[in-house]
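Hi everyone, thanks for coming. Today I'd like to walk you through one structure, so please have a look at it with me.

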Amino acid sequence: MVLQTSEPAAEPVDQTEKAVAAPGAWAPASGRARYGDRVFRGISNLSGISILALLAAVFIFLLLSSGNVLITPNDEIVEQVGFARGQNFWQFAGTTVFGTLLAAIIALVIAVPFAVGIALFISHYAPRKLAATFGYVIDLLAAIPSVVFGLWGMWTLEPLMRPVFSWISDVLTPIFTFLNGKPGADGAWEGGLPGLSWLAEHYEWFPDGTAAAFVPPARNILMGGVILAIMILPIITSLAREVFVQTPRLQEEASLALGATRWEMIKMVVLPHGRSGIVSASMLGLGRALGETMALLMVLSPGMMINFKLMSPGQHSTIASQIALRFPEASGIESDFLIALGLILFVITFVVNFIARAIVARYAEFSGANA
């Protein structure tokens, strides 16, 4: 008996797979689509190059416009620039750079803890409707013009801060006097620990017993730092909130399932995950604080000193406020003098952003900042 084997029936071929396998099945019917791709790619490349060209154009303008000041002898600058008050360019720039960095650091120290706390409240503690309302209010706060902050700070916040500054002065003055001493009535140095008292006696910038003294009105660098902190608070809060919301939900639930409290979950999961975002938000707020003009111009009583008398008026000034104050009446070498200050501020902000990018690249494997 002969057995006949039948061949297995051929499986039906999916027309979709056949179409996919066919070469050129999804190729455009005409060259119009390929032409559109080339145009879009060209526009994208041109847009990216334009950013670099714009940055280079600003730098070249500042460099060429300030070159006259950089090569002019110091004696001529002292004679021709009246508002320099007998200082050459580098002395004047040093005092304004010190005031700029001091105000920005004060603002950052005050704003970052509050911003992180508000962002955590919105993202992990507040009910959904309340969180949406808070987020909307924070975004509106970022849209308030700086001149409004200056008016509000000068007429409303400054009287309210006087008792606070007086209390801080009463607390810190005895501590500074014990540590560093202070000048006596006859000019001799009194008190202080060895070493610290010598530094305070021989270096004007080192804080002594009078460094924490509050002199009303509160138009000092600490008041300017408070105003800047309020201005950069919504920026840091908004970015930190978005980073905290993106924390993987499974990691949060796993931490809670292992017995962690909500604070322990935030400390071990949310904050490490959002560390690079917090740094990025802080550096963005720092960039806003470094270049702020009108609010500090209206609140701060300017001075050209390098010291840490944070609660005394007439001690410090910033680059941006000096440019805004002097430029309308400047001419000739005075204009070049102020443009040279702008060049220094440009370099400072560039260095700050470069450092921020390095920090973010170190703590984040991948993000939009280091893509």
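What volume does the largest pocket have? It has a volume of about 310 Å³. Here, a pocket is an open set of points on a 1 Å grid over the protein atoms alone, where a 1.4 Å probe fits, with protein on both sides within 12 Å along at least five of seven lines. Grid points are joined across faces, edges and corners, and the volume is the space filled by probe spheres set on the points.

A quick word on the source: this is a predicted model, where local features need pLDDT of at least 70 and side-chain atom pairs count only at pLDDT 80 or more, while totals for chains, interfaces and linings use all residues. Residues are numbered from 1 along each chain as its sequence is written, and side-chain values use heavy atoms, leaving out hydrogens and water.

Twelve residues line the largest pocket, and Ser280, Met283, Asn353, Ala356 and Arg357 lie nearest its centre; a lining residue has an atom within 4 Å of a point. Helix H14 (333-363) and helix H11 (275-290) each supply at least two lining residues, and H14 gives the most, with six. Helices are DSSP runs of H or I, at least four residues, numbered from the N terminus. By class, the lining has six nonpolar, four polar and two charged residues. Ala, Val, Leu, Ile, Met, Phe, Trp, Tyr, Cys and Pro count as nonpolar, Asp, Glu, Lys and Arg as charged, and the others, Gly among them, as polar.
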